[in-house]
Amino acid sequence: MPQYFIYGQKEIDFLSRKDKRLASAMERIGPIQREVRPDLFDALMHSIVGQQIATKAQQTVWARLVLALGEVTPETIDGAETATLQGVGLSFRKVGYMKAAARKVLLGELDVEALRLMDDASLCATLCALDGVGVWTAEMLMLFSLQRPDVLSFGDLAILRGLRMLYRHREVSRNRFEIYRRRYSPYGSAASLYLWAIAGGALPDLSDPAASRR
């Protein structure tokens, strides 16, 4: 059964007090359900599969991977032949990333459960030390696997688009982004859900001001 990112009235009330424009958008959009993957290794593999491909393609490759392996675990990834993994649609590079992470878990060099006890900065640094994992991927794992409450990613193009649309900016610089990040903290993750929804067209009357520059 799917699980969804948990947030509620506490987060909504806080963000509404902090930002009236966001408050209006949240009221119009209503509750948002975004699926999470509680198993961090599974989530890591899923994120690597999805790198630089469309969501639909990610779903197709992932379904083939699960069919080939039965379940996605450090043991099944490590034990699978490279040719088998490539056969489901994975590039040689992605196979290398996945096998390297699986091997670290099996050797005890990466304690997946210990990651849950780390603060955000340490967790992000540890994840980014893995081959194939950058800051954006680490932040998405923090949000959609570990359900950390305060993740707002400057590296996410849809988040930046949502900010432009909601606040009518032609661009969102790092300094401007940090203003919003501090405003939303400690519930940046809930704000992210709504910015993604806005970027995806949940409020049809909001356009992207950056589009007029093209």
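Visitor: How far apart are the end C-alpha atoms of helix H7 (residues 92-106)?
Guide: This is a predicted model, where local features need pLDDT of at least 70, side-chain atom pairs count only at pLDDT 80 or more, and totals for chains, interfaces and linings use all residues. Residues are numbered from 1 along each chain as its sequence is written, and side-chain values use heavy atoms, leaving out hydrogens and water. Helices here are DSSP runs of H or I, at least four residues, numbered from the N terminus. At 1.5 Å a residue (times one less than the number of residues), the 15 residues of H7 should span 21 Å, which agrees with the distance between its end C-alpha atoms, 21 Å.

Visitor: How wide an arc do the buried residues of H7 cover around the axis?
Guide: Lys94, Val95, Met98, Lys99, Ala101, Ala102 and Val105 are buried (under 20% relative accessible area; exposed is over 50%, partly exposed in between, with a 1.4 Å probe and protein chains only). They sit on the same side of H7, because their arc, taken from the axis to the C-beta atoms, is only 160°.

Visitor: Is Asp42 buried or exposed?
Guide: Asp42 belongs to helix H3, one of the helices that the buried residues of H7 pack against. Its relative accessible area is 15%, so Asp42 is buried.

Visitor: How are H10 and H13 oriented to each other?
Guide: Helix H10 (residues 135-144) and helix H13 (residues 188-199) have axes 11 Å apart, at an angle of about 105°. Angles of 65 to 115 degrees count as roughly perpendicular, under 35 as roughly parallel, over 145 as roughly antiparallel and the rest as oblique. H10 and H13 are therefore roughly perpendicular.

Technical notes
Axes are lines fitted to C-alpha atoms, for helices over the stretch in contact, and angles run from 0 to 180 degrees between N-to-C directions. Helices (H or I, at least four residues) and strands (E, at least two) are DSSP runs, numbered from the N terminus. Contact means heavy atoms within 4.5 Å.
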